[in-house]
Amino acid sequence: MAFGLAALLTVGGLSGVPGATAQQPAPDVVSLVRVDTPTTADVNRLVATGADVSEHRQPGSIEVFAHGADDLRRLREAGFTYQVVIPDLVAHTQRVLAEDEARARTMAPSPLPSGRNTYRTYADYGTELAGLVAERPDLVRPITLPHKSLLGKTVSGVEIAHDVAASDGRPVFLLVGTHHAREWPTAEVTMEFAIDLVRNEGVDPRITGLLRQARIIVVPVINVDGYDISRSYIHEYKRKNCRVRDGAGATPAQCADPDNAQVGVDLNRNYGVNWGGVGASTNPNSQTYRGAAPFSEPEVRNVVELVSSRQVTSLQSVHNYGSLVLRPPQQSTTPPTVDEPVYAAIGEALGKATGYRSIPSYQLYDTSGSTSEWAYFTTGAFSFEFELGGNNFHIPYQQGVIDQYLGIGSAENADGGVREALLVQYEVAANREHHAVLTGTAPKGARLTVEKSFTQYTAPVLRPDGTTGPRLPFPNVLTSSMTASGAFTWDVNPSLRPDRTGHLIAESWTLRCARPNGKVLQEVRVMVARGERATVDLSECHRKWRRR
């Protein structure tokens, strides 16, 4: 028999539920409820209702954000029972952050690299990123992503490496936060890691060596509009971006309008690989709305173009709050990846550092159109999604950021925390056993480019009426370049591309050797697998180069 909230209150259904309360939420507030889901099938059925499901899953239950009485009613009508954990999340956050601010006025700086004790505002990130560039211009350069947000904001990050301005062949580790607006701690830990690297270059041999071997790009806030709306307390528990209507722009007033609080696109359901499948909604009011088409959102295209124009050999998209390390595949019907043994071993290392459980993403629940699946199945980069620990999105800074980053206090079972895990993943990005290498000699000053073009497909696209349409094709172009100085070593992703069938697709890189003005002197096709090194013969480029 299914009981609604009133029945649970009557029959004592809340007894013995840790953190639950007998206080019924007011009709128009956001509340946190724990929904009874004995099986993974129950969780997937819950996701399919369009409920705002968190990643905080425990045996027999998962936490859900109910945006008013209508959401609670829909849970009951779908046959789910639940217990109220926090009746009014906005009031709860105001209390928590007021306590943070009060403590910060009397506390010494925290052990974080920045010394912070409170959450940053949107403006803080711009100031601190610019500060790192000014502090170490030899080590840090600004990154401006190519597309402005729907509200016209610039999406910014930093690239950090020894001799950062050089055009060389080092691999790249990409670290991004806040695909989901309300996930404030994700931006915090990415920003702290950037500061950590800059302040410890030349001091910590491990960090110094990594900055010599590989580049890192850090973008703390991908969903800049949504984050600003959330952090400004306009719609504190906003998850998505500011897309009010498919195919149309938006204004700040429209995004701030209470009637539009639940509309928008879930950016982590908008990537093309497996877009339109199970685990994403066709309803713009759903918290998992996939968007009108794959890559429809500028924030997503920013990440796609960033990855497609560089040799990103590992990617981390940070989320919260499930205490998980997630890797592809993200559908229970998808076979394990062709790299599963290595992928799982890396995940276990990240889990050991954080104390989080490392699993294929589908073991939480099915999703489609996510960052990590797109990146892995497009480039072969080992891509993960952290779910930081905690018991809500906006918890005290000590628990949500300091403890998680350093692996102390409430971060139980951690061995170094998120900091150590990100260092491990940076090492994965630099490790040539995990990608491929091209070597050869080219005329000094020649422009070398590797490129690959291919077509991928979405999932069979679920329609609003429940029927399924055909898969949609979409093109991909991966291209990156470097300047030769004679003998070169170029760290690249394998040309053999992993497929969602659990196999490799045999593809080649096209390497071009060109003059600085772009005139191509030689073109070579090279096939290279993960862990392999291929030597490229550019003798024709040398001969033509001498004919100036």
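Guide: What follows takes a few labels in turn and sets values against their definitions.

Visitor: How do you know which residue is meant, and what kind of model is this?

Guide: This is a predicted model, in which local features need pLDDT of at least 70 and side-chain atom pairs count only at pLDDT 80 or more, while totals for chains, interfaces and linings use all residues. Residues are numbered from 1 along each chain as its sequence is written, and side-chain values use heavy atoms, with hydrogens and water left out.

Visitor: Why is N270 called buried?

Guide: Buried means under 20% relative accessible area, exposed means over 50%, and partly exposed is in between (1.4 Å probe, protein chains only). N270 has 0% relative accessibility, so N270 counts as buried.

Visitor: Where is N270, and what does N270 touch?

Guide: N270 sits in the loop between helix 9 (252-256) and helix 10 (298-308). Helices (H or I, at least four residues) and strands (E, at least two) are DSSP runs, numbered from the N terminus. Contact means heavy atoms within 4.5 Å. Leaving aside residues up to four places away in sequence, the contacts of N270 include W275, R290, F295, E297 and G369.

Visitor: What makes the approach of N270 to R290 a polar contact?

Guide: A polar contact is a pair of N or O atoms within 3.5 Å; within protein, one must be able to donate a hydrogen and the other to accept it, and residues adjacent in sequence count only if both atoms are side-chain atoms. The side chain of N270 comes to 2.8 Å from the backbone oxygen of R290.

Visitor: Is D225 buried or exposed, and which backbone nitrogen lies 3.0 Å from its side chain?

Guide: D225, in helix 8 (residues 224-231), has a relative accessible area of 0%, so D225 is buried. A polar atom of the D225 side chain lies 3.0 Å from the backbone nitrogen of L151. L151 is also one of the residues that D225 touches, and K153, C242 and E299 are among them.

Visitor: What makes D228 and K153 a salt bridge?

Guide: A salt bridge is a side-chain nitrogen of Lys or Arg within 4 Å of a carboxyl oxygen of Asp or Glu. For D228 and K153, the closest N and O atoms are 3.8 Å apart. The pair links distant parts of the chain, 75 residues apart: D228 is in helix 8, and K153 is in the loop between strand 5 (140-144) and strand 6 (156-160). D228 counts as partly exposed because its relative accessibility is 21%, whereas K153, at 19%, counts as buried.

Visitor: How many salt bridges does a search of the whole structure find?

Guide: The search finds 35. A network of salt bridges links R116, R120, D124, E128, E188 and E192.

Visitor: How do you know that the span of helix 14 agrees with its number of residues?

Guide: The expected span of a helix is 1.5 Å times one less than its number of residues. Helix 14 (residues 417-430) has 14 residues and should span 20 Å; its end C-alpha atoms are 20 Å apart, so the two agree. Eleven of the 14 residues of helix 14 are buried, which makes this helix mostly covered.

Visitor: Why does D163 count as exposed, and what is its phi?

Guide: D163 has 53% relative accessibility, so D163 counts as exposed. D163 has a positive phi of about 50° although it is not a glycine. Most residues other than glycine have a negative phi, and most peptide bonds are trans.

Visitor: Which peptide bonds are cis?

Guide: The bond from N320 to Y321 is cis, with omega near 25°. A cis peptide bond also joins P328 and P329, with omega about 5°.
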